[in-house]
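Here are a few notes to read with the model open beside you. Take the points one at a time and find each residue as you go.

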Amino acid sequence: LSQAIYGCLYYLLSASPPLGPYDFQFSGISPGGLSNGRQNEDYWGHVFWDQDTWMYPNILLFYPHIACAILKYRIQTLEGALKNAQMQGYKGGKFPWESAATGQEVCPEKIYGDQEIHINGDIVLAFEQYYHITQDLKLFQEEGGWDVVHAIAQYWCSKVKWNPEEQSYHINA
């Protein structure tokens, strides 16, 4: 078991930016690493919700600086998320199911890119966890974190419709 845990941590850390300053654009962590070259058997190096939900908490606890870099990846791709929402007729930002450097949807199957909207909740959860662990307001107030949270809130608000018969909101598909 320990060998498997060390192997997983090795993968996460080797796919992360180095500790300390770095001079390149970090483009997130893919659950499958880089493409393995076999058709339909890899993630093409794309970033999924796995980064924000399953990988992120482990990094946050031991390496908050790297966790911040993961959130900054989402900040730098916010413009693409804004375009994704607009193209679907919604306000705010819809982060892509499969992301790369631009933040626009790169999923090869359009239906998944359109319907896998829980990614936004996963991203907000990562920002919330970061705040609770670090109490770092600078990321939110000065570096764009609040812009991501606000854009996601706008997206969800634009997707709901009030149902007077049931006295509740429904998320539009």
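1. The elements giving two or more residues to the patch are β1 and β2. Strands are DSSP runs of E with at least two residues and helices are runs of H or I with at least four, numbered from the N terminus.

2. Before going further, please note that this is a predicted model, in which local features need pLDDT of at least 70 and side-chain atom pairs count only at pLDDT 80 or more, while totals for chains, interfaces and linings use all residues. Residues are numbered from 1 along each chain as its sequence is written, and side-chain values use heavy atoms, leaving out hydrogens and water.

3. How exposed are the patch members? Buried means under 20% relative accessible area, exposed over 50%, and partly exposed in between (1.4 Å probe, protein chains only). Valine 160, in strand β1, is partly exposed because its relative accessible area is 32%. Tryptophan 162 counts as partly exposed at 38%, whereas tyrosine 169 counts as exposed at 56%.

4. Now for the rings. How many aromatic pairs are there? The count comes to five, where rings of Phe, Tyr and Trp (its six-membered ring) pair if their centres lie within 6.5 Å, and planes under 30 degrees apart are stacked, over 60 edge-to-face and the rest tilted. Phenylalanine 127 and phenylalanine 140 form an edge-to-face pair, 5.9 Å centre to centre with 70 degrees between the planes. This pair links distant parts of the chain, with phenylalanine 127 in helix α6 and phenylalanine 140 in helix α7, 13 residues apart. Both phenylalanine 127 and phenylalanine 140 are buried. The pair of tryptophan 162 and tyrosine 169 is edge-to-face because the ring centres are 4.8 Å apart and the planes are at 65 degrees. Ring pairs also link Tyr90, Tyr155 and Trp156 into a cluster.

5. Next, have a look at two glutamines. Most residues other than glycine have a negative phi. Glutamine 135, however, has a positive phi near 60 degrees; its place is the loop between α6 (119-134) and α7 (138-141). Glutamine 135 counts as partly exposed because its relative accessibility is 45%. Glutamine 167 also has a positive phi, about 55 degrees, and is found in the loop between β1 (160-163) and β2 (168-171). With 55% relative accessibility, glutamine 167 counts as exposed.

6. Is asparagine 84 buried or exposed? Asparagine 84, in helix α4 (residues 78-87), counts as buried because its relative accessibility is 5%. Leaving aside residues up to four places away in sequence, asparagine 84 touches Lys94, Phe95, Pro96, Gly103, Gln104 and Glu105; contact means heavy atoms within 4.5 Å.

7. Last, the cysteines. The structure holds zero disulfides, a disulfide being a pair of cysteine sulfur atoms within 2.5 Å. Cysteine 68 counts as buried at 10% relative accessibility, and cysteine 107 is buried with a relative accessible area of 12%.
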